[in-house]
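Trainee: I have a structure open on my screen and I'd like to learn how to read it. Can we go through it together?

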Amino acid sequence: MKTLDFLKWTMVCALGVFVTASCSDDDDDDRVDVPSQVQAAFDQKYAGAGRVEWDMEHGGYLVAEFKLDGKEHDAWFTSAGEWVMTEVDHGRNIQDLPQAVQSGYDATVYALQDWRIDDIDEIQRPAYETIYIIEVEKGGQSDCDLYFDLNGTLFREVQGGGGGSHDGMIGTGLPAEIQQFVDTKYPGATVVDFDSERGGYELDIRHDGLSKDILFDSSYNWIQTSTDLSRNVPADIRSAVEAAYPGRRIDDCDYVETAQGETYYLVDLDNYDMDLKVTPDGQITETPDY
């Protein structure tokens, strides 16, 4: 019996060694070989980060997943050690965001109609201003990603966003023609986001404390600029709207300038299906609310 017990014990030990070796081999297979320049760049930028794990992502980016200041972070680096983007996961804690962003969200139809916040991501990129993406959901509706700048301006809505990685937002820099336009027309502006849009390009900036959305054609020619005024509507424009639409509340207003020299105010009324195109002299034309 003792001999049999000894044999059983030997087989268990051998199996344990095999399992341990197998697990060790699996860990080795999953481990990413992080170049020294990438590790050095990470250590310099995120000293004190805990529980760091590295992954290799599409495009050859190395991504460090770690916890810092109680938040989960994903930091993206090129193989040369250049930092290109960090995502900070705020969970559902909108109270962690700047007050302007909280107020901007509270003013949206999603907050007013009791959509539920499912996730919040903070996106940091070199040469771009920090933005916040609030994913909201509601029964029977498609999820929606809401993009806010530091002013609390909602500058983009993506239906069916569904969260996940925002690796498509890694900045590649502005085309020289667009950068020159911004430097000349909007000196000192900070870039919020840049994207292909409507067969051309869309640039979101903050300039003189205001959020501005700029459209360019496919050849980088300027089409128009929309400056978000929120409810800070000039008194004469407000008076013209209130006279034509008594009892209606102005929900939002943009000041629009076009390459053809046209200027007007685009006014959104609460619970009204059409936007109002109001010229500086107070002439009003209804236009579809896109």
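**Reading the model step by step**

Mentor: Let's start with Ala-64, which counts as buried because its relative accessibility is 0%; buried means under 20% relative accessible area, exposed over 50%, partly exposed in between, with a 1.4 Å probe and protein chains only. This is a predicted model, where local features need pLDDT of at least 70, side-chain atom pairs count only at pLDDT 80 or more, and totals for chains, interfaces and linings use all residues. Residues are numbered from 1 along each chain as its sequence is written, and side-chain values use heavy atoms, with hydrogens and water left out.

Trainee: Where is Ala-64 found?

Mentor: Ala-64 is in strand β2 (residues 62–68). Helices (H or I, at least four residues) and strands (E, at least two) are DSSP runs, numbered from the N terminus. Ala-64 and Val-34 are 30 residues apart in sequence, with 9.8 Å between their C-alpha atoms.

Trainee: How is a pair of aromatic rings described?

Mentor: You give the distance of the centres and the angle of the planes. Rings of Phe, Tyr and Trp (its six-membered ring) pair if their centres lie within 6.5 Å; planes under 30 degrees apart count as stacked, over 60 as edge-to-face and the rest as tilted. There are 16 aromatic pairs here. Take Phe-42 and Trp-54: their ring centres are 5.4 Å apart and their planes at 70°, so the pair is edge-to-face. Phe-42 sits in helix α2 (residues 36–45) and Trp-54 in strand β1 (residues 50–56), so the pair ties together parts that are 12 residues apart in sequence.

Trainee: Are Phe-42 and Trp-54 buried or exposed?

Mentor: Phe-42 counts as buried, at 3% relative accessibility, and Trp-54 counts as buried at 12%. Ring pairs also link Phe-42, Tyr-46, Trp-54, Phe-66 and Phe-77 into a cluster.

Trainee: In what order do the 8 strands of the open sheet come?

Mentor: First, the rule: two strands pair if DSSP finds at least two bridges between them. Here the order is β9-β10-β11-β12-β13-β14-β15-β16, with antiparallel pairing. β9 and β16 (284–288) stand at the edges with a single partner strand each, so one side of each has no neighbour in the sheet.

Trainee: Over how many bridges do β14 and β15 pair?

Mentor: Strand β14 (residues 263–269) and strand β15 (residues 274–278) pair over 4 bridges, in the antiparallel sense. Look at Tyr-265: its bridge partner in β15 is Val-278.
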